[in-house]
Amino acid sequence: MRATVMYAAGDVRVETVPDPSLVDPTDAVVRVTRACICGSDLWPYKTMEHSDTGRRMGHEAIGIVEDVGADVRTLKQGDLVVMPFAFSDGTCVFCHEGLQTSCVHGGFFGTEDVAGAQADAVRVPQADGTLVVLPVDEDDALMPSLLTLSDVMGTGHHAAVAAHVGPGKTAAVVGDGAVGLCGVIAAKRLGAEQIIILGRHPDRTALAREFGATDVVSERGDEAIERVRDLTDGFGVHSVLECVGLEQSELTAIEIARPGGAVGRVGVPQDETMPAGQTSFYANVTVGGGPAPVRAYIEELLPDILEGRIDPGKVFDRTVDLAGVPDGYRAMADRESIKVMVRP
Ligand SMILES: [Zn+2]
């Protein structure tokens with residue numbers, strides 16, 4: 001089969017690799033019908049050191065179950081399933097607490113241990129706990145929105161939950177990538193009254209408005225902080241969704257939270273330390289978040305997609321086949337595209 005392999009920053013290739021097969025009795029093999037390129041794939045695309053063996057990329061997919069191991073109980077050949085970016089057993093203490101990204105038998109796709117999903121097929125460990133059967137057929141018009149349940153919609157929702165978004169509250173979203181845009185959807189869905197998007201790409205902030213943003217702040221740094229305070233009686237917002245992961249965006253996120261507010265972080269942090277430790281302390285700002293347990297949110301978000309209340313699939317503005325994946329990375333890195341869908 002064909003699969004996407006990254007060898008170094010800027011060096012993404014589509015190669016022929018061995019077909020995936022069942023390794024453990026809890027595995028499934030899924031033929032990928034939709035995958036995508038993630039904003040988080042752009043970090044290695046910018047910084048990865050050369051690797052002779054390369055890294056098999058991709059952690060978001062929908063596909064058809066082709067084979068299941070002897071211990072798999074809830075899935076059968078032919079099921080259409082959505083695959084969260086992390087696999088999890090669904091039975092351990094953390095899975096029961098809704099934190100599947102800390103599953104004691106879990107892990108992540110597109111790593112050295114488990115090959116990625118920007119491919120014709122993927123091996124899914126812990127298939128019963130990980131995969132969710134979709135009640136539609138594989139070419140349903142809702143496919144782009146359903147695909148966001150793999151990562152970006154669940155991750156935006158996690159940011160909103162970690163930022164304590166609730167009815168009547170004010171929220172700000174730092175970052176206008178696909179996760180930030182889904183964060184706007186999530187903040188509106190959870191009842192935020194005012195939603196400020198911080199971003200500087202007009203096509204993206206226009207989509208944010210369509211998703212429910214009430215204000216756009218295109219400034220950066222101190223000017224952005226000042227603008228958000230101007231929009232909120234000088235205090236800042238109750239809830240900040242940090243969807244970037246850079247020092248500057250983390251600093252802005254904490255500075256625009258009002259006293260007693262909360263910051264939900266889902267941007268993969270690029271530094272070991274967090275800025276503004278004293279600012280968040282003296283303002284009693286809660287800083288939370290982390291890798292989103294998107295598996296925990298699928299049952300909650302799926303009906304909203306199936307019944308048309310949210311349409312996160314609009315974040316996809318380009319579709320490629322597998323051969324087009326390297327150019328898809330380039331287009332996202334160059335900010336030509338918000339998010340690229342892959343149809344193998
Ligand atoms: Zn678990």
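This is a predicted model: local features need pLDDT of at least 70, side-chain atom pairs count only at pLDDT 80 or more; totals for chains, interfaces and linings use all residues.
**The cavity**
- A cavity here is a set of points, on a 1 Å grid over the protein atoms alone, where a 1.4 Å probe fits but cannot get out.
- The largest cavity has a volume of about 40 Å³, counted as the space filled by probe spheres set on grid points joined across faces, edges and corners.
- Its lining residues (those with an atom within 4 Å of a point) are P84, A86, F87, S88, Q100, T101, A292, P293, V294 and R295.
- Two or more of these come from each of β7 (86-87) and α11 (294-306); helices (H or I, at least four residues) and strands (E, at least two) are DSSP runs, numbered from the N terminus.

**The sheet**
- Three strands make an open, antiparallel sheet in the order β2-β1-β4; two strands pair if DSSP finds at least two bridges between them.
- β2 (11-16) and β4 (55-56) sit at the edges with a single partner strand each, so one side of each has no neighbour in the sheet.
- Strand β1 (residues 2-8) pairs with β2 over six bridges, in the antiparallel sense.
- Look for A8: its bridge partner in β2 is D11.

Technical notes. Residues are numbered from 1 along each chain as its sequence is written. Side-chain values use heavy atoms; hydrogens and water are left out. On a 1 Å grid over the protein atoms alone, a cavity is a set of points where a 1.4 Å probe fits but cannot get out, and a pocket is an open set with protein on both sides within 12 Å along at least five of seven lines; lining residues have an atom within 4 Å of a point.
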